[in-house]
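Biologist: I am new to this structure and would like to learn how to read it. Could you take me through it feature by feature, giving the general idea before the case at hand?

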Amino acid sequence: MTKKKGITAYIVIAVILLIVIIVAANSMVYVYEDESVLIRRMNKIETVYEDPGLKIKIPFLDETVTLPKTAMVYDLSPSDVLTV
């Protein structure tokens, strides 16, 4: 009977460790040099990370949106151009 308790304890510890690893992996965001990362919470922008490195977010609550810095396109209003 003590062997079953020992095996059960190892299984419980393994499951808890797996949950901790999943939560830790979901709380990290890596920002590359050529991109910006928006952190949104409840569809509101919380923070914008533009400098490269490892950043922290709240797992399962924050959502990340990655925007490349190299391909930013702005819509400009049309204007008249005078040619001669």
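Modeller: Let us begin with aromatic pairs: rings of Phe, Tyr and Trp (its six-membered ring) pair if their centres lie within 6.5 Å, and planes under 30 degrees apart count as stacked, over 60 as edge-to-face and the rest as tilted. Please keep in mind that this is a predicted model, in which local features need pLDDT of at least 70 and side-chain atom pairs count only at pLDDT 80 or more, while totals for chains, interfaces and linings use all residues. Residues are numbered from 1 along each chain as its sequence is written, and side-chain values use heavy atoms, with hydrogens and water left out.

Biologist: How many aromatic pairs does a search of the whole structure find?

Modeller: The search finds one. The ring centres of Tyr-30 and Tyr-32 are 4.9 Å apart and their planes stand at 70°, so this pair is edge-to-face.

Biologist: What is the order of the strands in the open sheet?

Modeller: Strands are DSSP runs (E, at least two residues) numbered from the N terminus, and two strands pair if DSSP finds at least two bridges between them. Here three strands form an open sheet in the order β3-β2-β5, with antiparallel pairing. Because β3 (44-49) and β5 (62-68) stand at the edges with a single partner strand each, one side of each is left without a neighbour in the sheet.

Biologist: How many bridges join β2 to β5?

Modeller: Seven bridges join these antiparallel strands, and Val-37 has Thr-66 in β5 as its bridge partner. Strand β2 (residues 35-41) pairs with β3 over five bridges, also in the antiparallel sense, and Arg-40 stands opposite Ile-45 in β3. In the hairpin of β2 and β3, where two residues lie between the strands, Met-42 takes a positive phi near 55°.

Technical notes:
Helices (H or I, at least four residues) and strands (E, at least two) are DSSP runs, numbered from the N terminus.
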